[in-house]
Amino acid sequence: MDQAFAAAKAEWKPDAPGFLAIHHDIATYANGLFDYRRAETSARTAVTLAIARTGPNGAEQALVSQNLAVALAGMGQRNEAAAIFARIVPQLDAGADRAAAANAEIAYSDFEYTAGRPAAGLDHARRAATIARGADIPAGLKASALLRLADASRRALQFAEANAAADEAAAALKAAGGDTPPRLTLVRAAIAYEQGRLTRALDLVQQAEKAAIRPDPCDPTLATDVAQRRGTIHMIRRELPEASASFTTALAALAALKLGNNPREGEIVYGLAVVAGMSRDFDRSASLFDGVVGLARKAYGDGSEAEAQALMEKALMLGEAQRAKEGVAAAKAALAILERPVEQAPLTLAYAHASLGLVSRKAGDLPAAERELGLALTAFRDARGAKSFDLTPGLSALGEIALERRDAPRAETYFRRALAIQRRWGGDSALALGVTLSNLASARAAQGATGDALDRSQEAVDVLRKRLAIGEARPWNDAQAERRAARNILTRDLALTTAGVKPGEPVRGDAAVRRMLATNQLANAASTGGAIAQMATRLQAADPALGALLGERNDLSAEWRYIQDELVGSLAAGVEDDDARRDALLTRQQAVASRVAEIDAQLVVRNPRLDLLIKSRVVDLPDLQRTLRDGEAALAFTVADDATYVIAVRRDAAIAYRAALGRQEMTRLVESLRATLDPSRWKTELPTYDAAGAYRLFAALIAPANDFLQASDTLLVVPDGPLASLPFAVLVTEAPPAINGDAADYTKLAWLIRRAAIVNYPSIASIVALRAVEGGMAPRRTMLGVGGALFAGAANDNAQRGAILRGMARTRLADVGLLRQLTPLPETSDELGKIADSIGRSGAKLLLGRDASEAVIRSTPLEGFGVVVFATHGLVAGELSGYAEPALALTPPPVASSADDGLLSASEIALLRMRADWVILSACNTAADDGSPNAEPLSGLAKSFFYAGARSLLVTHWPVESDAAAIITSATVRRTAEGDTPAKALRKTAIDFIEDRDGSLKTHPFFWAPFSLTGG
């Protein structure tokens, strides 16, 4: 193009008519490459030449002005572009050049969509297709117009029309003797994406990718578009590492075109910034948003609307990152740009005020938050009316501020206004609706309307129940934020249910107890579902018949969440024809939820244990009571910021109460106890146990139920939060005397384990589910032992364990270099030998050293072993995100692969087939890498072993003394073989130590309490 232009300038006279065509072609080509500045220059020259030739109203002027309008729109100068389109499109429609008319309608359709008017965009796309169907239109243009119609129809959720237009385009190309181009496949992928059929969309993108290997000079941005679409799909599916890689590929493809000032680069970097924020890599996200700002300045000049929008998004991200002061600075910078005379959409300034208000709220500047949110609300209301969806975030924030100021009537007014809008636009399962209902409940309670407050809170809880029936999202940042919001709703409901009741006093009425039991289970579900998606993915590959159902369920779950995002996101963006779009989205969402319920029913019939993995079930009180045996009582805990809620259930009765012990103090007490139990925390050889702290925990949490539990000799405990990192056996039931750490001191203490056997469960529902599917076990005197894995690290492995999990979040595979740096455990080989001797060497098989690997375990038939012991590091503590799962560390391979990366993860364990009475994990530590108690991931590991077929799981909470570990495990297994339940067998073994029956003086709970029983 440039060479032709240079040759023309050398050969032609300045007024040669060919210059008009060349400038028009240059503008067309530059617009196609998003080089809008160059396109504008050439288009303005072409317009000048056209007017000189045929006048200001001539057909040539209208034809070349289209390129000028496209270039101006691309540079953000929408007002001038809109005026040009409004003038030239009717003129071209009325003219004889039908191809020019079709092209103009296509361009006008794209412009209207980017301006936030999809209905107008669809109208112009339909006109373009109608024109293009004429006999004198080339096949390529006809296909292009039909593809634009398909794209516009899918944006308006007119999927039948979209697919029909795509089919018609394919037929037109075929009739002209052409193949199906990758661009058509990409449009079909976009249709599937808009429908929420994300797996189908990804398959189509892969087809387009294969077909686009060779560059197409007529479609130079195809490779960029394919990679960007792939990145968007992965982002919606919460496959964030893959999304980041795809966006990076899109940038590389764009760079290869060697374009000038290109706004597409900013769009792609924006996607990377969003992915980084979702991945909790907030520093990288901030840096990328700064990059978007720089690219906006390069493309549009300093102080553009695009720059301000990037700053607003950065501000909101920083608020989520708990860096609100930086967020305020970014929001103020955006506002400063938009308050100057800069071309912008009608409500961009309002969004800037809203962003500044929201981050000011997080920064604690309530006056600024109220001022900015008030300005935003006024602008939204004036532009769109009192029921605009844009009003809801501001109304909710102002309501929360009013609650903080103890102005409950004013808060209620704000919440009710938000609620009316949310019910209209967002459906009945939007998390924001649940948050508003819960906030309204607090406002009503503050005004003494307890009954209405409980009703509103129950509505909020019901919203969460519907969401959890679909399944939980992979735990990236947005899912973690959702989990926090859900947890707040649930603990607030527990607080309302126990309002007016003193700590330790039981709530009145069976209805209140049943309500608290249900809420407790939802709170547990909202904290422990991170590995479910990963497990389901692996199960698809292991069982093709089951995989079809699981694959469909996963797709439907992703589609349901995508629709929910669209209900909020697209409406908040201010598109027109909201009613039709909302109705279409809600209808599809209801159909998805119905199909998910059908699939769940089929899955449970195929394998009842699947209910433990796929979603978090809530069981009613009678179902739990029918499961309990004589002498058993279940204890379930929910730890909130300012209190802990306890439900105690026997076969014949149930009570619930509030304990005046919040999360912070609970964590401090558990850490204090663990500091005297975990040798990695010791400053002396064997510190004196914190018996007073153990009694304080018991007095607050369990003592209120002493009378209720008097006849119970077995406690089924569902712990929560920091309690999951402490075996309840170490609690003390009577105020202890002062002790100096002598062995006899510990014998005299009133340990809870003396009163009752204790067994943990991941959830209330797991008690019911596991007991419903108990089956035949392998011979009890057979054992598989795995230990002595080859590690080469230093003495303290905590930091390495945390680093391994954080790495897995983004890569799916373990870093074998980090894995090798775990602390060696040579004593585990001896420990396994002692256990094998106690069970009987003839029935034992040991996998030690190099044989303690994923590959060997996978090739070993496990169904023949009644006891399976993993004497190796367990990664069962800390906060999980992304692809990270709880796992067992084994001998690392030379190179990580999907078959063997040195970690046997929860989703891989679920694929094993066992019939073991016992799975013993004898080298776990339930403290996170910073020493804090956080064993939440352990429940995911337990669920996987139960799904694999194990009956009971025996897990250590801290590094165990080797001789004690061998005695505890072998004696407990032996007593179970003699007829004791697993819980009672473990209890008797612990009491042997407490009573010092072997004269070893190992009465300190460090020796006898490290193992906690889960299930059985």
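**A helix pair up close**

The chain has 44 helices and 13 strands. Keep in mind that this is a predicted model. Of its 1016 residues, 58% count as buried. Among the contacts with a separation of 6 or more, 72% join residues 24 or more positions apart.

Now for the pair. Helix α12 covers residues 222-236 and helix α13 covers residues 240-256; their axes come within 8 Å and cross at roughly 165°. An angle over 145° counts as roughly antiparallel, so that is how α12 runs relative to α13. The crossing of α12 past α13 is left-handed.

Who touches whom? On the α12 side, the residues in contact are Ala 223, Thr 224, Ala 227, Gln 228, Arg 230, Gly 231, Thr 232, His 234 and Met 235. Facing them from α13 are Leu 240, Glu 242, Ala 243, Ser 246, Phe 247, Thr 249, Ala 250, Ala 253 and Leu 254. Sorted by class, this contact has nine nonpolar, seven polar and two charged residues.

For context, here's another helix, α43 (residues 982-994). Ten of its 13 residues are buried, so α43 is largely enclosed by the rest of the structure. Among the buried ones are Pro 982, Leu 986, Ile 991, Asp 992 and Phe 993. Its length checks out too: at 1.5 Å a residue α43 should span 18 Å, and its end C-alpha atoms are 19 Å apart, which agrees. Just after α43, Asp 996 takes a positive phi of about 55°.

Technical notes: Residues numbered from 1 in each chain as written. Predicted model: local features only at pLDDT ≥ 70, side-chain atom pairs only at ≥ 80, totals over all residues. Heavy atoms only, no water. Axes fitted to C-alpha atoms, helices over the stretch in contact; angles between N-to-C directions. Helix = DSSP H or I, 4+ residues; strand = E, 2+ residues; numbered from the N terminus. Parallel < 35°, antiparallel > 145°, perpendicular 65-115°, else oblique. Left-handed = near helix turned anticlockwise from the far one by under 90°. Contact = heavy atoms within 4.5 Å. Nonpolar A, V, L, I, M, F, W, Y, C, P; charged D, E, K, R; others polar. Expected span 1.5 Å × (residues − 1). Buried < 20%, exposed > 50% of the residue type's maximum accessible area, 1.4 Å probe, protein only.
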